[in-house]
Amino acid sequence: FALFQTVRHGFPYLPTALAFDPVQKILAIGTRTGAIRILGRPGVDCYCQHESGAAVLQLQFLINEGALVSASADDALHLWNLRQKRPAILHSLKFNRERITYCHLPFQSKWLYVGTERGNTHIVNIESFILSGYVIMWNKAIELSTKTHPGPVVHLSDSPRDEGKLLIGYENGTVVLWDLRSKRADLRAYYDEAIHSVAWHHEGKQFMCSHSDGSLTLWNLKSPNRPFQTTIPHGKIQRDGKKPESCKPILKVEYKTCKSSEPFVIFSGGLSYDKACRRPSLTIMHGKAITVLEMDHPIVDFLTLCETPYPNEFQEPYAVVVLLEKDLIVVDLTQSNFPIFENPYPIDIHESPVTCTEYFADCPPDLIPVLYSVGAKHKKQGYSNKEWPISGGAWNLGAQTYPEIIITGHADGSVKFWDASAITLQMLYKLKTSKVFEKQKTGEGKATAEIVEEDPFAVQMMYWCPESRIFCVAGVSAYVIVYRFSKHEVNTEISSLEVRLQYEVEDIITPEPEIIPPFPDASSQLPSLKSISGSTNTVACEGTMKDSIPCLSVKTRPVRMPPGYQADLVIQLVWVDGEPPQQITSLAVNSAYGLVAFGNCNGLAVVDFMQKTVLLSMGTLDLYGSSDPYQRQPRSPRKSKQFAADNFCMRGLSNFYPDLTKRIRTSYQS
């Protein structure tokens with residue numbers, strides 16, 4: 001018997017690098033913890049890990065070869081074989097004296113170019129994975145008359161016209177076109193701003209650089225003395241004819257040509273400094289039109305997907321993959337409004353942090369279609385109508401498929417049902433448990449009875465019965481909600497109960513059994529059951545001691561509930577003598593008898609959710625006491641039928657464990 005990790009759900013944690021194979025149409029994402037996720041068509045999802053745990057700096061596919069090169073922060077290069085079911089490293093190469101800053105593997109080439117922090121470029125044979133011995137030293141590449149070091153290598157690429165020519169970009173603004181055959185520089189270009197990235201025009205006569213002052217420069221190989229075009233796309237034009245003001249650095253630029261229209265220039269960064277609160281943005285320049293796409297998270301990297309893998313043909317870009325810190329977005333370039341594709345991967349699991357999970361196997365077969373049918377109606381509009389472009393890989397359902405469901409509870413009170421029968425998760429249905437409560441009014445602050453400042457609706461425990469479809473949630477603000485499933489929309493009031501669990505420290509003198517009526521009234525230690533509209537929902541003023549009020553207010557007006565899970569009953573623990581209710585630590589439901597039991601460090605309560613009444617509410621000391629405070633004739637709330645189970649429930653626990661209670665009690669008191 002052994003445990004295997006079969007799949008890893010969710011978005012890669014702290015992503016750092018991105019690569020795409022334009023022929024196989026698969027995507028690779030590297031992370032700060034040395035993990036690589038390989039994604040293809042929905043269902044194709046593979047996870048592998050560098051043993052060193054060092055961050056992945058860069059990834060490069062051997063296009064259409066089923067292999068991938070990774071460069072990691074511990075200055076090692078690895079060649080991964082993707083042709084087997086679990087990818088594995090074939091070769092590794094460690095640099096001891098130099099730090100790797102940039103790698104480039106041309107299409108169908110056997111030479112991998114590796115730039116370093118010292119400004120040197122090494123060449124690795126991709127088949128044997130050893131250094132070829134050919135090194136382009138920085139002092140040979142730059143002019144001998146310049147004494148200063150050009151900085152690390154920030155870019156390497158081969159000329160689209162001639163693979164024997166390598167373009168090297170150095171951080172301080174120097175670009176060198178190196179002739180690999182004659183081992184000398186063909187051309188040198190200097191610019192007084194630091195370079196972040198370089199991109200070729202497909203004909204190989206021009207290249208574009210992006211700089212730290214928010215400018216783009218376009219260079220011609222015939223006249224390398226100065227750029228023939230300099231623009232600051234987001235810079236404001238100054239009145240007196242000076243050059244536009246500088247902007248934030250353009251971290252990456254891609255320059256992609258089209259046969260039938262103007263070329264696309266796509267870049268990240270470069271916004272003006274005066275807009276302090278601007279979100280991270282990707283800018284798409286197409287002819288004279290400039291489109292700025294604002295993102296929800298910082299941009300880690302982006303890649304333009306083109307129709308051809310050959311660098312010397314018209315590129316014909318059709319989409320941009322944008323890797324964000326917490327999301328993956330693909331933009332459709334073929335439509336003028338640049339819509340995004342609907343993402344088929346379940347990467348929004350942690351949209352709100354996951355606070356609890358439950359897994360169910362062998363569910364009734366009709367359950368998944370039913371949940372999907374009520375969840376599918378909430379589809380968003382405005383996505384691209386084209387197919388998801390990352391469509392590579394083969395994916396076959398295994399022979400042993402049975403309905404599996406994973407439920408995740410989240411910090412914002414939402415609950416998501418996922419179909420986990422296949423390898424990847426598919427979202428079936430989302431439920432917002434916070435909808436049963438009134439919105440918190442900000443500003444009241446201390447006056448409310450809240451016990452949790454942030455995320456008052458966080459889900460702590462869930463119970464689900466796939467057969468009866470009863471679903472139960474315990475939340476951080478000491479409440480339990482019972483949900484029933486319905487295919488029909490209803491407009492109804494939400495029933496609510498309040499339960500008082502009190503931990504009595506003084507010695508309790510047990511009254512004579514005869515005194516206690518079969519169902520004691522609200523004055524005893526049983527919870528007070530007041531109507532919804534009663535005084536319990538009033539918020540205590542700051543001066544008075546909070547007592548018998550719940551932490552949150554349940555909505556009192558009728559609520560529209562769409563098909564799906566509908567709140568049947570909200571049970572809330574209340575404040576006791578100025579003490580807030582303790583969080584619920586255990587939850588059990590019996591859907592056959594219509595009972596829900598829950599407890600915390602102060603006691604235990606049992607509620608009949610059919611009749612919406614509290615059957616039992618005991619402090620911890622009563623539970624472990626030697627005498628049973630609830631000795632009474634067993635009596636069923638249902639007059640017609642008498643169940644043995646009711647009898648069993650009412651009798652208390654002490655009859656079953658007389659010898660244990662003394663021990664538990666003494667240890668509990670000590």
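These legends accompany close-up views of aromatic, charged and cysteine side chains in a predicted model. Residues are numbered from 1 along each chain as its sequence is written. Local features need pLDDT of at least 70 and side-chain atom pairs count only at pLDDT 80 or more, whereas totals for chains, interfaces and linings use all residues, and side-chain values use heavy atoms, with hydrogens and water left out.

**View 1. Tyr565 and its ring partners.** Phe417 and Tyr565 are stacked (centres within 6.5 Å, planes under 30 degrees apart), with ring centres 5.7 Å apart and planes at 10°. The pair joins strand β30 (residues 414-419), which holds Phe417, to strand β38 (residues 564-573), which holds Tyr565, across 148 residues. Phe485 and Tyr565 are edge-to-face (planes over 60 degrees apart), their centres lying 5.2 Å apart and their planes at 70°. Relative accessibility is 0% for Phe417 and 5% for Tyr565, so both count as buried (under 20% relative accessible area, 1.4 Å probe, protein chains only).

**View 2. The aromatic cluster.** Phe417, Phe485 and Tyr565 belong to one aromatic cluster, together with Phe360, Tyr429, Trp464, Phe471 and Tyr483.

**View 3. Lysines over rings.** Lys183 lies over the face of Tyr134, at 4.9 Å from the ring centre, and Lys252 lies over that of Phe302, at 5.2 Å; the criterion is NZ of Lys or CZ of Arg within 6 Å of the ring centre and within 35 degrees of the ring normal.

**View 4. Cys258.** The structure holds 0 disulfides (pairs of cysteine sulfur atoms within 2.5 Å). For Cys258, the nearest cysteine sulfur is that of Cys306, 8.4 Å away, and Cys258 is buried, at 10% relative accessible area.

Definitions and conventions:
Buried < 20%, exposed > 50% of the residue type's maximum accessible area, 1.4 Å probe, protein only. Phe/Tyr/Trp six-rings, centres within 6.5 Å; stacked < 30°, edge-to-face > 60°. Helix = DSSP H or I, 4+ residues; strand = E, 2+ residues; numbered from the N terminus.
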